[in-house]
Amino acid sequence: MRVRFAPSPTGFLHVGGARTAIYNWLFRQRMGGALILRIEDTDRARSDDAMTRQIQDALRWLGVTWDEGPHLQSERVERHAARAHELVESGRAYACFCSSQELDSKRAEAGAAGHGFLYPRTCLALARDEVERRLAHGEPHIVRFLMPRENTRFTDLLRGDLDIPPDALDDFILVRSDGSPTYHLSVVSDDIDMGITHVVRGDDHLSNTPKHIRLFEALGAPVPVFAHLPLILGPDRKRLSKRTGATSVEEFRAQGVLPQALFNYLALLSWTPPGGQELLSKDEMAPLFALERISAAPSIFDTAKLLWFNGRYISTLPIDELMH
């Protein structure tokens with residue numbers, strides 16, 4: 001069993017990301033295997049090396065350790081390009097020369113007609129010698145994945161059986177016109193090479209999963225088991241943001257929240273241990289943890305409840321340790 005936590009270093013470690021890391025850590029402790037830390041830093045314009053270090057520091061402070069890594073995704077770009085070439089050669093991907101202006105026009109037409117836009121596979125119909133000629137002349141292009149025109153079915157450990165129709169899935173982009181890989185190509189390529197068996201991540205990635213499943217299949221790799229964690233909402237029942245208070249591990253640390261209190265509170269945001277006990281150390285949680293006991297419903301972040309946890313932990317600490 002191999003799981004991964006794969007944050008993007010574009011900001012401080014958000015409590016949603018911290019909870020994802022905690023659940024991956026608990027799952028690894030319960031099931032054995034390995035937890036891999038992978039920094040998804042291929043968006044160099046937004047990635048920050050200082051944030052990469054900060055994420056690691058925040059995880060260590062929280063008590064989340066990893067067995068392998070950190071692996072930097074930016075160091076694997078050549079491998080991602082090789083995967084794209086493999087897909088083109090096997091006929092599972094193709095070069096697309098359509099300009100953004102052409103696509104915007106067709107997208108607007110589809111919107112005006114009241115239906116969604118799917119790329120019409122204009123460039124898939126090009127003859128091979130025509131494609132080679134245009135590539136030889138350095139004509140700008142992207143690489144698209146050829147999505148099967150059939151339903152994509154999979155089971156999510158939290159949400160059950162899902163069935164995605166083909167008209168919901170486009171021939172998505174694998175390689176941009178500047179030659180850089182997209183998130184979809186990079187993440188699947190790395191998951192294959194790192195032997196990931198279970199993908200435990202936020203449900204903002206649920207819409208990506210059918211695409212990723214088809215990529216795993218096209219590359220002849222086993223498809224991992226997926227579990228998509230629910231959103232964490234603020235007291236206003238909107239997505240947790242600065243508007244409703246602190247949102248990062250660093251902010252709570254600076255406010256005097258103990259790591260064991262934050263770990264305990266975040267773990268119980270969506271997971272209920274057998275017996276319903278609230279105060280549990282991470283080592284007490286590990287043998288009790290099961291992904292199937294995580295609720296698929298969004299969780300409400302309650303700062304008052306977190307501070308209650310913190311007070312209980314503070315009350316158990318010796319004075320010299322508390323002062324340290």
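## What counts as a pocket

On a 1 Å grid over the protein atoms alone, a pocket is an open set of points where a 1.4 Å probe fits, with protein on both sides within 12 Å along at least five of seven lines; its lining residues have an atom within 4 Å of a point. This is a predicted model, in which local features need pLDDT of at least 70 and side-chain atom pairs count only at pLDDT 80 or more, while totals for linings use all residues. Residues are numbered from 1 along each chain as its sequence is written.

## The largest pocket

Let's start here: 41 residues line the largest pocket, and Pro-7, Ser-8, Gly-17, Asp-204 and His-205 lie nearest its centre. Strand S1 (2-5), H1 and strand S9 (198-202) each give two or more residues to this lining (helices, H or I, have at least four residues and strands, E, at least two; both are DSSP runs numbered from the N terminus). H1 provides the largest share, 5 residues.

## A helix tucked inside

Now look at helix H9 (residues 259-267). It is largely enclosed by the rest of the structure, because 8 of its 9 residues are buried (under 20% relative accessible area, with a 1.4 Å probe and protein chains only). Among the buried residues of H9 are Pro-259, Phe-263 and Tyr-265.

What covers them? The cover, counted by contact (heavy atoms within 4.5 Å), includes helix H1 (15-31), helix H2 (49-62) and helix H11 (303-316). H1 is also one of the elements that line the largest pocket.

Key:
Side-chain values use heavy atoms; hydrogens and water are left out. Buried means under 20% relative accessible area, exposed over 50%, partly exposed in between (1.4 Å probe, protein chains only).
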